[in-house]
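Subject: Structure handover

Dear colleague,

Please find the structure below, passed on for your files. My notes come after it.

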Amino acid sequence: MTKKEWNEDAFRQLLSQHSEQQMNAYESVSTTDDFMQRVMQGLPEEKQVVVESEHTKSSWLRVLEWCTTYIVPAVILLYTGYLFVSRSVLSLFKTRTVEMLDQGIKDFETHREIMNNQSYWDMILQNISSMPWRHIGITMLALCGLAIFYFYERYYSKDSCFYYNTECSKIADRK
Amino acid sequence: MKQVSDKALVEQVAANGSHPAFAELLRRYQHDIRRFLLSLTHGDGQLTDDLAQEAFIKAYQRMEQCEKGEQIKSWLYTIAHRCFFDYIRGKKMTEDIVESSEAPVERSDERGVSTQMDVQWAMRQLSQAEHLCITLFYMEDQPIDKIAEITTFKSSTIKSHLRRAKEKMASSLSQQGYGPSDIY
């Protein structure tokens with residue numbers, strides 16, 4: 001066979017036939033099943049992934065989850081911000097301007113005395129110390145309780161669907 | 001039963017390492033990958049099994065890197081080729097292959113036994129790059145652009161490898177008395 005006589009299709013056919021025959025001989029020794037078994041045994045374990053199945057989630061848990069995710073942080077932020085601003089920054093502003101006008105000379109004298117004797121930082125710290133910490137503490141405790149309850153329901157309750165994927169699919173099958 | 005697409009299977013394996021999904025991919029492509037490696041190893045079954053296993057385990061571990069799930073076959077070829085290349089580099093088998101190609105007389109007993117043996121012998125005369133290109137192009141039916149992805153060779157380089165490989169094989173087979181009619 002010369003280069004000029006070389007036929008592309010014939011060449012392809014020759015090589016593919018050679019390849020398949022070689023493969024057939026090989027697979028008679030090492031079968032597909034044997035090879036698959038060998039590979040599967042060598043695989044690392046499946047990743048354990050938390051699967052959230054919306055249809056198996058109870059409605060109240062969904063509401064609770066929504067509240068915990070959006071409402072509670074928003075309330076905490078707004079309330080804390082309000083307390084801080086109203087008790088410290090605004091009061092400082094008031095001290096210097098509005099209250100001077102509203103409360104008259106007496107207050108003006110009083111505040112002037114404060115201004116003379118205290119730095120702004122002292123005033124801010126004084127105002128912070130007068131914040132309703134008891135209320136804040138109770139609110140925080142209630143929120144912690146809510147969070148603990150939420151995480152218990154999410155991960156440990158029997159009704160929870162936040163199981164590993166295998167467990168979740170079993171639950172879905174049973175339902 | 002509707003067959004799950006490659007892309008969906010790849011996504012399942014990438015997401016949570018699903019063994020059943022990977023077993024399905026393995027079932028679909030193990031034949032092609034083993035055939036490819038069997039050709040690269042010149043018919044060494046034991047080595048082929050080892051390399052194919054290594055390639056599939058690497059594929060499993062890096063499935064999230066398979067960006068185009070529908071093109072997993074060429075991605076698997078790439079991994080298999082790298083496994084083979086690493087093996088060659090590690091074992092310094094290059095010298096052995098060169099030695100075997102320089103000693104065709106030793107293969108003379110095998111010649112004439114069957115076409116299989118003659119083709120095998122002719123393929124041993126090729127360089128590694130030529131052998132790789134000819135395996136992917138003619139045996140695995142991969143287009144030039146896919147071969148370029150798998151091997152990281154330029155298209156023009158692949159074409160010249162293919163041309164030279166065909167010339168060498170034609171010459172080797174001609175020396176053994178093969179003509180165009182023998183092929184059909």
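Predicted model: local features only at pLDDT ≥ 70, side-chain atom pairs only at ≥ 80, totals over all residues.

Residues are numbered from 1 along each chain as its sequence is written, and chains are lettered from A and ligands numbered from 1 in the order in which they are written.

Chain A

Chain A has 7 helices and 0 strands; helices (H or I, at least four residues) and strands (E, at least two) are DSSP runs, numbered from the N terminus. Its pattern along the sequence is α-α-α-α-α-α-α. Of the 175 residues in chain A, 6% are buried. A residue counts as buried if 20 or more other C-beta atoms lie within 10 Å of its own, with C-beta atoms placed from the backbone. Among contacts in chain A with a separation of 6 or more, 71% join residues 24 or more positions apart. Two residues are in contact if their C-beta atoms, placed from the backbone, lie within 7 Å.

Contact between the chains

The contact takes 33 residues from chain A and 37 residues from chain B. On the chain B side, the elements giving two or more residues are α1 (6-16), α2 (19-40), α3 (45-61), α6 (115-124), α7 (128-139), α9 (155-175) and α10 (180-183). The most comes from α2(B), with 10 residues. By type, this side of chain B divides into 18 nonpolar, 13 polar and 6 charged residues. Here Ala, Val, Leu, Ile, Met, Phe, Trp, Tyr, Cys and Pro count as nonpolar, Asp, Glu, Lys and Arg as charged, and the others, Gly among them, as polar.

Helix α1(B)

The buried residues of α1(B) are Leu9(B), Val10(B), Gln12(B) and Val13(B). They lie on the same side of α1(B), because they cover an arc of only 160° around the axis; the arc is that of the directions from the helix axis to the C-beta atoms. These buried residues pack against α2, α3 and α4 (72-91) of chain B. Just after α1(B), Gly17(B) has a positive phi of about 65°.

Helix α8(B)

In α8(B), residues 144-151, the buried residues are Ile147(B), Ile150(B) and Thr151(B). Their arc around the axis is only 80°, which puts them on the same side of α8(B). What covers them includes α4, α7 and α9 of chain B. Thr152(B) follows α8(B) and has a positive phi, near 65°.

Regards

Notes: Buried ≥ 20, exposed ≤ 12 C-beta atoms within 10 Å, placed from the backbone.
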